[in-house]
Amino acid sequence: PPTDAGRTPLPSRLLRHVPVLYVDYPAPSSLFQIYSTFVAGLLRPFVELRSLTENFTTAMIEVYEWSQKRFTPTQHAHYIYSPRELSRWVRAMAKAFKQWTSPSLILSAKLWMHEGLRLFCDRLVEESEREETRTFLKKVAATHFPSVPMSEYTHPLLFSSWLTHEYEPVSREALRTFVASRLGRFYEEE
């Protein structure tokens with residue numbers, strides 16, 4: 001949209017020679033159709049997760065739409081949300097699922113939550129906004145993944161491939177220890 005940060009109107013002198021076509025963001029039903037296809041492909045190898053395609057897709061779209069309405073560029077210029085966020089979410093989950101042979105629902109829901117927090121929470125400026133987003137993600141998770149205990153979504157929810165070369169849940173302490181040892185080696189080399 002022309003009101004987005006960094007956008008400027010095109011001069012009329014240029015516009016009289018160039019046709020302009022404006023394509024708005026897809027409607028929620030179109031988003032569902034597009035991303036349910038991606039999620040179905042993502043979950044296809046895992047028989048026990050295939051039936052959750054609609055749950056994952058609907059949950060992702062709910063979070064995207066809520067964030068888009070709740071956090072606007074008038075609050076902060078970088079609060080711009082597009083369907084690319086959903087594509088990044090699916091892509092990140094696909095990267096993890098490629099490495100896993102049989103992920104459980106709990107592990108998959110935790111990954112869904114981690115990637116949602118990474119995409120929608122990390123860009124927020126105020127701690128109150130981040131907490132509101134974490135709360136909303138937990139609410140959506142409780143609605144769409146009711147069999148996963150809320151205790152599984154304990155903050156901080158971290159995944160990393162640094163420790164084992166497999167993208168898996170890690171504790172903050174294990175990650176902190178690993179980074180400290182790597183920094184120690186780096187300092188020794190200098």
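At 3% relative accessibility, Glu85 is buried (under 20% relative accessible area, with exposed over 50% and partly exposed in between; 1.4 Å probe, protein chains only). Its salt-bridge partner is Arg88, at 2.6 Å from N to O, a salt bridge being a side-chain nitrogen of Lys or Arg within 4 Å of a carboxyl oxygen of Asp or Glu. Arg88 is partly exposed at 35%. Both residues lie in helix α4, three residues apart; helices are DSSP runs (H or I, at least four residues), as strands are (E, at least two), numbered from the N terminus.

The model is predicted: local features need pLDDT of at least 70 and side-chain atom pairs pLDDT 80 or more, while totals for chains, interfaces and linings use all residues. Residues are numbered from 1 along each chain as its sequence is written, and side-chain values use heavy atoms, without hydrogens and water.

The count of salt bridges is nine.

Arg70 in helix α3 and Glu132 in helix α6 are 62 residues apart, linking distant parts of the chain. Arg70 is partly exposed at 30%, and Glu132 is partly exposed at 29%.

Ser160, in strand β1 (residues 158–160), is buried at 8% relative accessible area. A polar atom of the Ser160 side chain lies 3.0 Å from the backbone nitrogen of Trp162.

Methods. A polar contact is a pair of N or O atoms within 3.5 Å; within protein, one must be able to donate a hydrogen and the other to accept it, and residues adjacent in sequence count only if both atoms are side-chain atoms.
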